[in-house]
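The sequence and structure come first.

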Amino acid sequence: QVQLVESGGGLVQPGGSLRLSCAASGRIWSIYTMGWYRQAPGKQRELVATITSGGSTNYAVSVKDRFTISRDNAKNTVYLRMNSLTPEDTAVYYCDADIKCQYARRTDYWGQGTQVTVSS
């Protein structure tokens, strides 16, 4: 079984920064695309950013030039550096990873979510 454990959320003032981390563990054979999504109260979950195993990235327009996604393949970990945060970034942030485990098919896994609140 695979677990994705997120950390790094919290309360930050507008204009501030945070870095989220998400570590995958388990009987992992390969990790393909990893990403971050977010869900604000009363809204649908939306894509924030993704990164392939080769390092190609994709960002939502609303976060481009403010957020940076990266990964450490040796640690099975994906990061999201968030700068110039605004109240509109307030949401629960979820980690997602496309993983192939030993003796299993490729499966999409999700973390439990970490709250990010931007407020003065």
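In what order do the four strands of the open sheet stand, and is the pairing parallel or antiparallel?

## The open sheet

The order is 1-3-8-7, and the four strands pair in the antiparallel sense. Strand 1 (3-7) and strand 7 are the edge strands, each with a pairing on one side only. On average, neighbouring strands in this sheet are turned by 15 degrees against each other, direction ignored. Such angles are taken between N-to-C directions, from 0 to 180 degrees, with axes as lines fitted to C-alpha atoms. Strands are DSSP runs of E with at least two residues, numbered from the N terminus; two of them pair if DSSP finds at least two bridges between them.

Strand 1 and strand 3 (residues 18-25) run antiparallel and are joined by five bridges. S7 has S21 of strand 3 as its bridge partner.

## Basis of the values

The model is predicted: local features need pLDDT of at least 70, side-chain atom pairs count only at pLDDT 80 or more, and totals for chains, interfaces and linings use all residues. Residues are numbered from 1 along each chain as its sequence is written, and side-chain values use heavy atoms, with hydrogens and water left out.

## Two hairpins

Five bridges link strand 4 (residues 28-39) to strand 5 (residues 46-51), again antiparallel. R38 is opposite E46 of strand 5. Six residues lie between the strands of this hairpin, where G42 has a positive phi near 75 degrees.

Strand 5 also pairs with strand 6 (residues 57-59), antiparallel over three bridges. A49 has Y59 in strand 6 as its bridge partner. This hairpin has five residues between its strands, and G55 in the turn takes a positive phi of about 100 degrees.

## R71 in strand 7

R71 belongs to strand 7 (residues 67-72).

The R71 side chain reaches the backbone oxygen of I51 at 3.2 Å and makes a polar contact with the side chain of N73 at 2.7 Å.

## I99 in strand 9

I99 lies in strand 9 (residues 91-101) and counts as buried because its relative accessibility is 0%. Beyond four places in sequence, I99 touches residues including V2, L4, I31 and Y109, where contact means heavy atoms within 4.5 Å.

Terms used: Buried < 20%, exposed > 50% of the residue type's maximum accessible area, 1.4 Å probe, protein only. Polar contact = N/O pair within 3.5 Å; in protein donor to acceptor, adjacent residues only side chain to side chain.
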